Amino acid sequence: DAEGVSGGSLMAKEGLVDGLDAVFAIHINSLIPTGQLMAGDGYVMAAPDIFDAVITGKGTHGAYPHAGNDPIFAFAQVVNAIHGIHARRINPLKPSVISIGAVHSGDANNIIPNALSFNGTIRSYEEEIRKQLHEELERAMGVARALGCETSLKISRGYPATYNDPAVAKLARSTAQSLLGEDCIFPFEPSMGGEDFSYLSNEVPGTIIFLGGSIGDKPRPHHNPSFNIDEKALPIGSALYAQTAVNLLKNL
């Protein structure tokens, strides 16, 4: 909403899931063929946290770098430390990623700026790894402090990781096969994307289904100017919702 609160968290807070036996969600996937879908077991989407950081040095003329303390140079070392977190600090069997999305510093080509700001995203599945990533990011900022700069780091927790209950996911897959045929299940690929459906599936068993809707002429990925879907997927999604609910009621 306008205050930055997600719909999923509001629905959970307002009691939408109270008394429910299961919850289902469908997310269109423009890269999967129409008529196919993914519904994996366990963690399927990540917890998407964000961070905002500032490195403050001492600005000076570019001709006299020794008279100041270059925050851009310090940032260059911090980037290496950040990219080493997943590679050297996190168990390689635990999915995680830290990506820097924006960097801002300076205005003139002959002036070393006083400060540099940057931001990015932190993605993980397990809460223990999530906590470690936050700690390691703060540790990486210490490289800039070792070079004489001051730093600030703000980490904002995003949605929880999305977990598909295996029993509910199995029901969703069997329902899809009864409607679309045995070959409708697309090979499952976990995602490091985030989804606020997780607030609901944290309260009661749930499953998110990734429904195919590719047009077929070329890849049209999400969050891209070329994004588009085959609208023939929409009635398939509606049928999946309805029949899955019916099958769940039959199994209660």
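**View 1. Packing of helix 3 against its neighbours.** The buried residues of helix 3 pack against strand 4 (47–56), helix 2 (71–89), strand 6 (96–104), strand 8 (115–124) and strand 9 (150–156); contact means heavy atoms within 4.5 Å. Helices (H or I, at least four residues) and strands (E, at least two) are DSSP runs, numbered from the N terminus. The model is predicted: local features need pLDDT of at least 70, side-chain atom pairs count only at pLDDT 80 or more, and totals for chains, interfaces and linings use all residues. Residues are numbered from 1 along each chain as its sequence is written, and side-chain values use heavy atoms, with hydrogens and water left out. Among the buried residues of helix 3 are Ile-129, Leu-133, Leu-137 and Met-141 (buried is under 20% relative accessible area, exposed over 50%, partly exposed in between; 1.4 Å probe, protein chains only).

View 2. Cys-149 is buried at 5% relative accessible area.

**View 3. Tyr-43 and Tyr-163.** These two rings form an edge-to-face aromatic pair, 5.3 Å centre to centre with 80° between the planes (rings of Phe, Tyr and Trp, its six-membered ring, pair if their centres lie within 6.5 Å; planes under 30 degrees apart count as stacked, over 60 as edge-to-face and the rest as tilted). Tyr-43 in strand 3 and Tyr-163 in strand 10 are 120 residues apart. Tyr-43 is partly exposed, at 34%, and Tyr-163 is partly exposed, at 36%.

**View 4. Phe-75 and Phe-118.** The ring centres lie 4.8 Å apart with the planes at 55°, so the pair is tilted. Phe-75 and Phe-118 are both buried.
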